[in-house]
Amino acid sequence: MSDPVGHALARVGERVVAAAHEAGRDPAEVDVLLAVKTVPAERVREAIEAGYPLLGQNRAQELTAIEPALVDLPHRTHFIGHLQSNKVNAVMRWVDCVQSVDRLSLAQRLSARRSRLAAEGGTEAPLEVMVQVNTSGEDTKSGVAPAEAHDLAVAVAALDSLRLTGFMTIGANSTDHGLVRASYEALAQVREDVLSSGAPGTQDARQLSMGMSRDLEIAIAAGATMVRLGSAVFGSRPAPA
Ligand SMILES: *Cc1c(COP(=O)(O)O)cnc(C)c1O
């Protein structure tokens with residue numbers, strides 16, 4: 001690639017700052033997570049070294065293949081794809097957060113594995129998780145339905161060894177800005193409902209992980225605290241599911 005990752009990162013950084021200002025928000029409230037699916041380790045390393053140490057991985061196999069090549073560089077990795085329960089053990093040692101919790105059985109599996117690691121003398125820290133909500137209603141998308149998100153979040157928050165830090169969604173796949181915006185506002189509404197419930201373990205559920213290369217401005221206007229960017233940085237790749 002002739003366009004170095006650093007230039008693309010500078011451009012997305014400017015977009016995030018401009019979008020925050022436009023929305024009357026402090027740009028420091030919005031983290032950039034790099035969706036690095038299919039990106040080779042050398043380019044991921046360049047991005048981390050350019051000052052973007054927050055990564056998102058979609059597939060367990062790719063995660064476990066690439067992370068050993070990054071261990072010398074301080075970074076954080078979030079799992080953002082559909083996670084099969086039988087992959088929980090494989091991903092656990094590499095991830096700082098699983099954003100794609102869409103069912104209680106997965107959360108229970110994550111909790112049990114994390115508790116076992118703690119008992120064996122491994123990490124004591126709870127695993128950060130987010131609840132993924134399908135706010136667009138598109139049936140190709142993962143995530144719990146908005147009407148069920150509150151109950152799932154409250155149940156996840158009550159589990160040992162997990163810390164619920166917020167919510168994730170993939171916005172409506174539409175050129176209609178109103179629809180996209182509605183899908184992001186729906187996630188913000190889920191967060192308000194859960195925070196105001198006061199249920200045990202929900203007090204830290206403040207993150208809104210939403211917005212991608214094509215629509216980060218809309219997401220930031222709707223309150224995103226983390227945007228997940230891939231193609232704007234690394235070029236076009238297959239669409240997320
Ligand atoms: C790939 C991916 C992104 C980034 O999408 P771009 O359009 O490439 O910016 C965000 N979220 C998830 C879950 C993804 O899989």
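**Exercise 1. Identify the bridge partner of methionine 130 in S6.**

Solution. Methionine 130 has glycine 166 as its bridge partner in S6. The model is a predicted one, in which local features need pLDDT of at least 70 and side-chain atom pairs count only at pLDDT 80 or more, while totals for chains, interfaces and linings use all residues. Residues are numbered from 1 along each chain as its sequence is written, and side-chain values use heavy atoms, with hydrogens and water left out. Helices (H or I, at least four residues) and strands (E, at least two) are DSSP runs, numbered from the N terminus.

**Exercise 2. Determine how many bridges join S5 to S6, and how the two strands run.**

Solution. 
1. Two strands pair if DSSP finds at least two bridges between them.
2. S5 and S6 run parallel and are joined by six bridges.
3. A further bridge partner in S6 is leucine 162, which belongs to leucine 127.
4. S5, H6 and S6 form a right-handed β-α-β unit. A crossover is right-handed if, with the strands pointing away from the viewer, the path from the first strand over the helix to the second runs clockwise.

**Exercise 3. Follow the parallel pairing on from S5 to S4, and from S4 to S3.**

Solution. 
1. S4 (residues 97–101) is joined to S5 by three bridges, and the two run parallel. Valine 129 in S5 is the bridge partner of valine 98.
2. S4, helix H5 (residues 104–119) and S5 make a right-handed β-α-β unit.
3. Five of the five residues of S4 are buried, so S4 is largely enclosed by the rest of the structure.
4. Strand S3 (residues 76–79) pairs with S4 in the parallel sense over two bridges. Here histidine 78 has cysteine 97 of S4 as its bridge partner.

**Exercise 4. Describe the pairing of S6 with S7.**

Solution. 
1. S6 is mostly covered, with six of its seven residues buried.
2. Three bridges connect S6 to strand S7 (residues 207–209), and the strands run parallel.
3. Methionine 168 stands opposite serine 209 in S7.

**Exercise 5. Find which residues of H2 are buried and what covers them.**

Solution. 
1. The buried residues of H2 are Ala41, Arg43, Val44, Ala47 and Ile48.
2. They span an arc of only 160 degrees around the axis, which puts them on the same side of H2. The arc is that of the directions from the helix axis to the C-beta atoms.
3. The exposed residues Glu42 and Glu49 are carried by the face turned away from the buried side of H2.
4. The cover of the buried residues includes helix H1 (5–22), S1, strand S2 (54–57), helix H3 (60–66) and helix H9 (231–234), where contact means heavy atoms within 4.5 Å.
5. Glycine 51 follows H2 and has a positive phi, near 105 degrees.

**Exercise 6. Locate threonine 38 and serine 161, and give their phi values.**

Solution. 
1. Threonine 38 lies in the loop between strand S1 (31–35) and helix H2 (41–49). Although threonine 38 is not a glycine, its phi is positive, about 65 degrees.
2. The relative accessibility of threonine 38 is 48%, so it counts as partly exposed.
3. Serine 161 is in the loop between H6 and strand S6 (162–168). Its phi is also positive, about 70 degrees, and serine 161 is not a glycine.
4. With 23% relative accessibility, serine 161 counts as partly exposed.

Technical notes. Buried means under 20% relative accessible area, exposed over 50%, partly exposed in between (1.4 Å probe, protein chains only).
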